[in-house]
Amino acid sequence: MSSTTNANESYCTFTLASDVTAGGLPSQEEIAKQLESNDPKIKRHALKAAIMAMLGGEAMPRILMQVIRFCINSDDKPLKKLCMLYWEVVPKYQEPTSDEMLRAASGGPPVRRKLLPEMILVCNALMNDLNHPNEFVRGSMLRFLCKVKDEEILGPLIPSIKACLKHRHQYVRKNAVLAVFHAHRLHGESLIPDGPELVGEFIAQETDMAARRNAFLMLYNESEDLAIQFLARNLDDVSKFGDGFALLVLDLTRKACRRDPNQKSRFVRVLFQMLSSNSAAVSYEAAWTLISLSNSPTAVRAAAVTYTTLLNTQNDNNVMMIVLERLEQLKKKHSKILQELLMDILRALSSPNPDICKKVLDVAMALVTSKNVAEVVTTLKREVAKTTQESSDSSEAKGKVYRNMLIQAIHGCAVRFPDVAESVVHTLMDFLSSDGGMQVIIFVRAIVERYPALRPAILSKLVSTIDEVSSSNVMCVCLWILGEYCETSETVKDAFDAITEQLGEAPFVVQAEEKKAREKAAAEAAKGPKMVTKNVVLADGTYATQTIYSEPKINPASLDKTPHLRKMIVGGDIFLGEIICSCLTKMCLRAPDVGIDVVTTKGMTIKALLIMCGVVKMAEVAVSAQKSSLADCQERVTLCCRVLLDPKATALLKPTLLCEGKNSFAAFLKNLQEKEAKEKEESKEEVVSAQADDLIHFRQLRSLTAQGGDIDLDDGTDLARATGYADGGSLLSNELSHVYQLSGFADPVYAEAFVTVHDYDILLEILLINRTPNTLSNLTVELSTMGDMKIVERPQSHTIGPLDQITIRASIKVSSTETGHIFGTIVYEDASTQEKGYINLNDIHMDIMDYIRPATCTDEVFRSMWAEFEWENKVAISTSIKDLIEFLDHIVTSTNMTCLTPHDRNERGSFLAANLYAKR
């Protein structure tokens, strides 16, 4: 393959607009003629056309000499930039003859590339720009030389590049350092063997931040010892060298300490110094580096303090979420240290983003202990109170979702620490009429069952606030609590009177007079504004016409003062009516047992029976979505009436009605508690293990030179080894399951990819191994996708030495959780034979199962999502599995989901219902 084609297919740094040569590309003769023009605009247009044509595959050999004659010495800055782009794409070597190719193919000497004679003139022009008095021209040329890979072109320019290191302007110096770095990395031993020493002297005298950073970048990559020596001499001044320099120092720290753990003590001082940096990026990277190198309590505490500071000072939601992820990882191994910073973490609840608040609560609730639970609950109560203030910004931004999260967190604290239950339950009961009333009443129901000592106060509060409840679901739970746990004469009387007072007298249907009044009020409200026109006398004595629009003011509260409970029953809520009947029946049955006299008991029974009759009548005439529940309502109310009227039915069903409900609920709470305990045990740290050949460092036997740091970063490491914990290698089996072999072992280039899926991002880490004895240049992995996937970051071209390997990365964005494929080709060029090779890669199949993870949620959240999405599809399945529980386990395993419905595995039946849940 000719060198011209190779140059055409190389990557280009700049992008030209497609309309530069609108109307078609001119011919080679036309471009050559336009380049002879004295007008710089015409020259620029012609040079752009030449570049576009060469990128399209045209050779255009005549243009090279024209550019050298008429463009290379121009002082026009845009034209000079175009010339640099032209030097990048133009063929620089002569094409090998057919005899040379045949000799190389038959086993003779490899084809040696010969530089074009015209390139001597080009090198002379490049040298002139390197010695140009204008610093912009010099700096631009130095930046261009960072893209030149040809040793024959760079060789004559090395003295001029070295001279630019001492230029007076910092723009020239910082680009000169990068040019030295580029030349030494590609041809260090032959072109510039003294590069590291030269840059070492340069960085010692440099004062510009950007130039110093670039010089340290070269030392970091080419001569690590010189970089460490410079860092040791300037430890106190690192904070003054800028953020870019600090990030390079952190990279050097990780690289050096992973290779030689004894180097840790040399970097302790600078790491702790960077934790207090004004730059968020530097302080975050310093904290992450410190934790990755040490498990000592001092280091972990300093890093955790830095994380919490970033959490409370940064406004970017992405930054806050990343910091919270780090804190969550830190919590798994160092929870005691994070417990000291719990209140600082909770300060992040001021964020207006509900996702941030949810993550903060998830991290904080795992750190609550008996020592800090009082402060945590106080903070949570204060946040709940803020959500009720109409003028609160947090209430407007987060609303109901945030309030529910806070109530769940308080519920969790009260369940784990009974001492705080009494202090929070009365506060939360004030929110029964708010959007989070369902969460509150569920919390109250659990507290009433678990803590009998709190029942009298809670029931009294519930009776007094029942008239404020406007939600049907919340009212159902309130009535169930009153029916089950009113066990004294006072509470039974108060609850019965409150319910009957709110319910009113039967019948529970809309009367004709009420219906007419409501229709009249609705008609008045529907009428448009009245227009009244009259003549008025103005202040100057003249007459004018005035038109007044009058609209009747209607106060909804003055029209309807019906209690909420009666309003819901009259509205046709049949299920609530059944709950009321059951509640009143339990109170009447319990009345004689708690000391209520017979007369009062009979009066309560009569009232209850009249209400039951009214409920059944309402169910018969109601026009609502619950009309299908009429038969169930009649059966349930009939049973309640028989229990109150028939002594035999009373004796038979009284124990069941009064005790079985509480017993079932107690068993449910016990099951939940056991489930949480089991999940907590599973989430504990994994069984520690250590390899037989792992080294143990004894600090007492270490030399004094290795103990020069402020703290010993190996303290935590030694403790971990002593306890048998091995951090490395535990994820090896998980990683291997996501490795895909892309090419065969017999191919010239072996490739395999490690796939990481995170939400809607796919990261490919592709390992490439050169299995040939030749150098492969311009090796590129060209990837394509099928499905709703888009490649965000494509791999760049690389040069791989004989039997060498390299890892490249590619990022892919997923727009949906549908199945997709990733396929591609490896394109490379053999440096010795100039032959081009292609390797087709195996496909990577991305399944929907790669995007979802098992997760849990509450029943209320599941029901709300089910109602929101309106999913209901019936799927017929043919299977050989005969056991329902076994089939459920199979479905859970196959779909990568979690079963939210508890099941007794010992029970057998022909029907099973279960809720499954997962998150992406």
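This briefing covers helix packing, a cavity and strand pairing in one predicted model. Local features need pLDDT of at least 70, and side-chain atom pairs count only at pLDDT 80 or more, while totals for chains, interfaces and linings use all residues. Residues are numbered from 1 along each chain as its sequence is written, and side-chain values use heavy atoms, with hydrogens and water left out. Helices (H or I, at least four residues) and strands (E, at least two) are DSSP runs, numbered from the N terminus.

**Helices and single residues**

- Helix α28 spans residues 455–465, and its buried residues are Arg455, Ile458, Leu459, Leu462, Val463 and Thr465. Buried means under 20% relative accessible area, exposed over 50%, and partly exposed in between (1.4 Å probe, protein chains only).
- An α-helix has 3.6 residues a turn, so residues three or four places apart point the same way.
- Asn175 sits in helix α11, residues 170–191. Asn175 is buried, at a relative accessible area of 6%.
- Beyond its neighbours within four places in sequence, Asn175 is in contact (heavy atoms within 4.5 Å) with Gly139, Leu142 and Arg143.
- Arg62 belongs to helix α4, residues 62–70. Arg62 is partly exposed, with a relative accessible area of 46%.
- Setting aside neighbours within four places in sequence, Arg62 is in contact with Gln28, Glu29 and Ala32. Arg62 and Ala32 are 30 residues apart in sequence, yet 7.5 Å apart in space, C-alpha to C-alpha.

**Cavities**

- The whole structure holds 4 cavities of 30 Å³ or more. On a 1 Å grid over the protein atoms alone, a cavity is a set of points where a 1.4 Å probe fits but cannot get out; lining residues have an atom within 4 Å of a point.
- The largest cavity has a volume of about 70 Å³. Grid points are joined across faces, edges and corners, and a volume is the space filled by probe spheres set on the points.
- Its lining consists of Cys71, Ile72, Lys80, Cys83, Met84, Trp87, Ala125, Leu126, Asp129 and Met141.
- Helices α5 (77–89) and α7 (118–130) each supply at least two lining residues of the largest cavity. The largest share, 4 residues, comes from α5.
- By class, this lining has 8 nonpolar, no polar and 2 charged residues. Ala, Val, Leu, Ile, Met, Phe, Trp, Tyr, Cys and Pro count as nonpolar, Asp, Glu, Lys and Arg as charged, and the others, Gly among them, as polar.

**Strands**

- An open sheet of 5 strands runs in the order β3-β4-β5-β9-β7, with antiparallel pairing. Two strands pair if DSSP finds at least two bridges between them.
- At the edges are β3 (739–741) and β7 (789–793), each pairing on one side only. From one strand to the next, the twist averages 30°; axes are lines fitted to C-alpha atoms, and angles run from 0 to 180 degrees between N-to-C directions.
- β3 joins β4 (residues 749–758) through 3 bridges in the antiparallel sense. Tyr740 stands opposite Ala753 in β4.
- β6 (residues 776–786) joins β8 (residues 798–800) through 2 bridges, running antiparallel. Leu776 has Ile800 in β8 as its bridge partner.
- β6 also pairs with β10 (residues 820–830), antiparallel, over 9 bridges. Glu782 stands opposite Thr825 in β10.

Note on methods
On a 1 Å grid over the protein atoms alone, a cavity is a set of points where a 1.4 Å probe fits but cannot get out, and a pocket is an open set with protein on both sides within 12 Å along at least five of seven lines; lining residues have an atom within 4 Å of a point.
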